[in-house]
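My entries follow in the order in which I checked them.

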Amino acid sequence: MRFSGFDALFDRAKSLGRAKVAVAAAADREVLEAIKLAEREGLITPVLIGDVEEIRRLASEIDFSLAKVPLIQELNPLAAAHKAVDAILDGEAHFLMKGLVNSSDFLRAVLRSERGLRTGRLLSHLAAFQVPGFSRLLFVTDGGMNIAPTLAQKKEILENSLLYLQGIGMNPIKVVTLAANEVADPKMPATMDAQALAEMNRAGEFPGAVVEGPLALDGAVSAVALKHKGIVSEINGDVDLFLTPTIEVGNVLGKSMVYFAGATMAGIILGAQVPIVLTSRSDTPRNKFMALAMAALNRSLS
C-alpha cells in the first residue's frame, strides 16, 4: 500500500488509538499548538515535562485545556529530557518529542549509557513530503542527522527507513539512491555507494524493497527522462524513497520541494527504541502535527 497524503497517514495512525507522547521542555508555544491539535484530534495523550507555570501560561494563550494532561515539573531543560526518556522506559509514553531544549542535549539524554534508548542502530532522519501533482507521499532520508555517511552507514539509514515504511504497511518500497548521474565512477564516490547498495538489493539484503542507483533526480521521478537516457528501470520513475548521499543533498531536496513546489513536510528520527519527534523552529504547527502522526503510526515498531 501507499499513502496518498498526510490525511491518509493521519487516519491510519488515529485508527490505532491515542499514543502517549512525552514532551521534553514543553514550554514552547509552537510545540504546544501542535500538541493541542493532535490531542483534540484524538491522536495522542501528552505528558508535558518542563516549567509547569510557563506551560500553563502558554496553554492559556492558545486555549489549550490541560485539565486531563499530566504535567511534570522540571525547570532544567536537560533534566526534562532525561525525565522524558524515563517516561518511555517506565512505560508511561510511546514516543518522544523535543520542546525548548538544545537538540544535542536532548539526544544526549536519548543515547545515555544507562537506561537510555539505544538499539545499536544508527540514528537517522526520515522525512515525508506531500507534493502537489504527486498522488502519493514521497520520503527522503537522510537530510537531518548524518552529514556524510559511509557506505555502511547508508545501509543502516536505508534499513531504518525500510523498517519504518514496512511497519506502516508499505510493500514493496521503491528506493532510488540519488547521485548526479547514472554512471558509477570512482571519482564520484556517491555513485559507487549507490551501485553497491543496488548490488546488495539484488543479493537479497533488503527484503520487500527495490533499490536502484545511481540515478539522478529526473530518473527517479520521470519515466520519460529514463526513456530519453536509454535507462531500463524497474522503478521507472515511480519512486517512494530517496536515499541521499549527504545531508546537504537531503536538506536542499526537501526545502526545494517545500519552497518551490509548495509541499508539506514532516519528519521523525529513527533508530532508537521509540520514534523521536525533533522538529525545526521554522516548522509550522501542522508540520509538527504530522510529525506526531508519523511517530504515532510507528509505535508498533517500538
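**Annotated region, helix and cores**

I began with the record: UniProt, in an unreviewed entry, lists residues 80-296 as "domain: Phosphate acetyl/butaryl transferase". The model I am reading is a predicted one, and in it I found that the chain over residues 80-296 is 41% helix and 18% strand, with the end C-alpha atoms 21 Å apart.

I then turned to helix H11, which covers residues 285-297 and has 13 residues. From its first C-alpha to its last H11 reaches 18 Å, which is close to the 18 Å expected at 1.5 Å a residue.

How many of the 13 residues of H11 are buried? I noted eleven, so H11 is largely enclosed by the rest of the structure. Among the buried residues are Asn287 and Lys288, as well as Phe289, Met290 and Leu292.

Next I looked up the largest nonpolar core, which has 86 residues, and the members that touch the most others are Leu43, Phe95, Leu96, Phe106 and Leu292. H11 gives the most to this core, with nine residues, and the core draws at least three residues from each of domain 1 (16-119 + 272-297) and domain 2 (124-264).

My last entry is on another core, which lies apart from the largest one and has 18 residues, among them Ala127, Val176, Phe242 and Ala263.

Conventions. Residues are numbered from 1 along each chain as its sequence is written. This is a predicted model: local features need pLDDT of at least 70, side-chain atom pairs count only at pLDDT 80 or more; totals for chains, interfaces and linings use all residues. Side-chain values use heavy atoms; hydrogens and water are left out. Helices (H or I, at least four residues) and strands (E, at least two) are DSSP runs, numbered from the N terminus. The expected span of a helix is 1.5 Å times one less than its number of residues. Buried means under 20% relative accessible area, exposed over 50%, partly exposed in between (1.4 Å probe, protein chains only). A nonpolar core is a set of buried Ala, Val, Leu, Ile, Met, Phe, Trp, Tyr and Cys residues joined through side-chain atoms within 4.5 Å. Domain bounds come from an automatic or database domain assignment. UniProt positions are given in the numbering used here, feature names are shortened, and annotations may be inferred rather than shown by experiment.
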